[in-house]
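Reader: I'd like to learn how to read aromatic ring contacts in a model. Can you walk me through it?

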Amino acid sequence: MIAGDRASAMVTVPVAPEVAFDVFTRETDLWWRHGIKFRVAGRNPGTLAFEPKLGGRLFEQYEGPAGPRIHETGTITAWDPPARLEFEWRGGNFGPDDVTYVAVTFVATESGGTRVTVEHRGFAALRPDHPVRHGQPIPLFIRTIGLWWGELLSSLRERVS
């Protein structure tokens, strides 16, 4: 793996892996934060959902200026409940050939909870001046992505607690 090509975040939630996986994939819109930092819809109302199957989509439906819109963030490339989920990731400012990859694991802890880990990789394949980087140098950009996922995982923890 190329240095600066991976961001990760982790949270422990007080539920079994089956529950954590189910909340992550089936209640996504209830825990994923809203607003321009977290959703393509920005301040517009919308719904973010996984299609719960291999080959399913992560997509956001929302009301755009010209009517209803759907942004397909990615396609599920691994669906292994309750242990693992992987999907392609395409940000709102990605071109048709731009893609990164997200892997999410759900590991039981000795206390009866679950450690949820997100690893987002593939940034090295994006051009250095890609708009997703907002002009940030690679180390700062990777840190920003890790913190972004950390905020989302905090919301997941709040949802299941």
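Reader: Which residues do ring pairs link into a cluster?

Author: In this predicted model, ring pairs join Phe21, Phe24, Trp31, Trp32, Phe38, Phe50, Trp79, Phe87, Trp89, Phe106, Trp148 and Trp149 into a cluster. The structure holds 16 aromatic pairs.

Reader: How is a pair of aromatic rings described?

Author: You give two things: the distance of the centres and the angle of the planes. Take Trp32 and Trp149: their centres are 5.6 Å apart with 80° between the planes, an edge-to-face pair. Planes over 60 degrees apart get that label.

Reader: Which parts does the Trp32 and Trp149 pair tie together?

Author: Trp32 sits in the loop between helix H2 (28-31) and strand S2 (46-50), while Trp149 belongs to helix H3 (residues 138-160), so this contact ties together parts 117 residues apart in sequence.

Reader: Are those two buried or exposed?

Author: Buried, both times: Trp32 has a relative accessible area of 2%, and Trp149 comes in at 0%.

Reader: And what about the rings of Phe38 and Trp148?

Author: That pair is stacked, because the planes are at 20°, and stacked needs under 30 degrees. The centres lie 5.7 Å apart. Phe38 is in the loop between H2 and S2 and Trp148 is in helix H3, so parts 110 residues apart in sequence are tied together. Phe38 and Trp148 are buried too.

Reader: Where does the charged end of Arg57 sit?

Author: Over the ring of Phe59, 4.3 Å from its centre.

Technical notes
Residues are numbered from 1 along each chain as its sequence is written. This is a predicted model: local features need pLDDT of at least 70, side-chain atom pairs count only at pLDDT 80 or more; totals for chains, interfaces and linings use all residues. Side-chain values use heavy atoms; hydrogens and water are left out. Rings of Phe, Tyr and Trp (its six-membered ring) pair if their centres lie within 6.5 Å; planes under 30 degrees apart count as stacked, over 60 as edge-to-face and the rest as tilted. Helices (H or I, at least four residues) and strands (E, at least two) are DSSP runs, numbered from the N terminus. Buried means under 20% relative accessible area, exposed over 50%, partly exposed in between (1.4 Å probe, protein chains only). A charge sits over a ring if NZ of Lys or CZ of Arg is within 6 Å of the ring centre and within 35 degrees of the ring normal.
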